[in-house]
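Colleague: I would like to learn how to read a metal site and a sheet. Please take me through one example.

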Amino acid sequence: MQSNDLSSRILVVDDEQSLRIILSQVLSDDGHMVTVASNGEEAIELFRKEPFPLVFTDIVMGKMNGLELLRQIKEIAPETQVIIITSHASLDTAINALRSGAYDYLIKPFEELEMISNVAFRAVDRLRLSAENARLLGQLKEKNDQLLTANMALKELAIRDGLTGLYNHRYFHEALTVEVLRCRRHSRGFSLLFIDVDRFKNYNDCNGHPEGDRALRTIGELIGKNLRASDILARYGGEEFIVILPESSLEVACGLGERIRQMIEEHPFPGEASQPLGKLTISLGVATYRDDGDDSSTLMEIADRRLYMAKDKGRNSLCSEG
Ligand code: GH3
Ligand code: MG
Ligand code: MG
């Protein structure tokens with residue numbers, strides 16, 4: 001039964017020298033590293049310095065009895081296994097000790113020394129199993145955390161546009177539905193900005209697709225710089241962006257749209273001189289809940305129609321009526 005991973009550091013506590021000698025002899029022969037103490041006070045001092053995984057303690061001792069020692073040990077190191085040594089006369093106390101968290105008890109005088117060996121090995125095996133359990137639980141928790149993080153990343157990926165990192169078309173439609181419901185329920189308002197890059201096919205043709213991609217990312221960032229945390233900016237598709245502006249009137253939305261239009265007009269994009277207007281620009285259509293409609297599709301149609309009206313006006317402009 002003896003094996004290396006079933007050996008342990010053991011503290012033996014007894015006020016009778018003969019018992020200390022028997023216990024330490026048997027346990028040392030089994031490969032354990034045994035330390036002895038002749039009373040509870042000495043034992044707790046040793047224990048505080050470096051807790052033992054396994055303790056054998058007599059119950060009836062000088063000032064501090066075995067039950068009190070058990071209590072203090074469990075306070076310092078709850079995982080420590082304590083084996084109580086008792087006489088037939090104080091079996092009740094031994095049962096109390098089991099209730100207070102002792103692992104097992106031995107009755108003295110010992111009939112067979114093998115009982116000492118066996119109880120020690122069982123206790124060490126139990127310690128090994130709980131350590132293994134804790135390790136597996138830790139692993140499980142780590143894997144669970146990794147899964148949660150991966151799931152969150154996946155959820156985020158599902159609502160983001162790969163090129164610009166802005167919300168995607170699908171997320172925008174969900175957000176618009178929620179915003180319409182919120183406004184209906186609480187009689188609030190919001191505006192939409194529908195934005196399209198002017199003559200972007202030409203920009204690609206003259207500067208190459210990768211430069212076009214960079215321009216789209218920059219435009220996304222420039223629009224975002226003008227928004228509040230509660231505004232929702234999405235890439236609607238291709239070179240089109242859309243913004244939900246909660247609590248914003250037509251006037252406010254027009255002011256903001258105009259600021260964004262100017263900012264992009266003034267931003268120096270590489271190779272923009274080849275554009276028909278000599279610079280890279282955007283056009284915008286604005287629609288407002290409830291002035292222009294009280295459902296998503298009507299508002300989208302109106303914003304889209306106004307965007308095309310802005311294009312018709314010569315591009316690099318904003319349209320909020322008609
Ligand atoms: P308009 O002023 O009328 O909007 O002209 P336009 O050229 O911008 O419009 P059109 O719809 O003819 O072309 C849109 C262009 O946007 C064509 C397409 O190659 C480009 N585009 C769409 N998505 C991307 C993209 O992800 N990256 C790049 N580089 N270009 C894109
Ligand atoms: Mg377009
Ligand atoms: Mg365009």
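**Metal site and sheet**

Modeller: The protein donors of the magnesium ion (ligand 2) are D196 (OD), E239 (OE) and E240 (OE), at 2.2 to 2.7 Å from it. Donors are N, O and S atoms within 2.8 Å of the metal (3.2 Å for Na, K and Ca); water is not among the atoms, so sites may look incomplete. This is a predicted model: local features need pLDDT of at least 70, side-chain atom pairs count only at pLDDT 80 or more, and totals for chains, interfaces and linings use all residues. Side-chain values use heavy atoms, without hydrogens and water, residues are numbered from 1 along each chain as its sequence is written, and chains are lettered from A and ligands numbered from 1 in the order written.

Colleague: Which residue coordinates both magnesium ions, ligand 2 and ligand 3?

Modeller: D196 does, and the two ions are 3.6 Å apart. D196 lies in strand β6 (residues 190–197), while E239 is in the loop between β7 (232–237) and β8 (240–246), 43 residues apart. Strands (E, at least two residues) and helices (H or I, at least four) are DSSP runs, numbered from the N terminus.

Colleague: Is D196 buried or exposed?

Modeller: Buried means under 20% relative accessible area, exposed over 50%, partly exposed in between (1.4 Å probe, protein chains only). D196 is buried, at 5%.

Colleague: How do I read the sheet?

Modeller: Strands of a sheet pair through backbone hydrogen bonds, either parallel or antiparallel. Two strands pair if DSSP finds at least two bridges between them. Here 5 strands form an open sheet in the order β7-β8-β6-β9-β10, with mixed pairing. β6 runs antiparallel to β9 (residues 282–289), joined by 8 bridges. L193 has V286 in β9 as its bridge partner.
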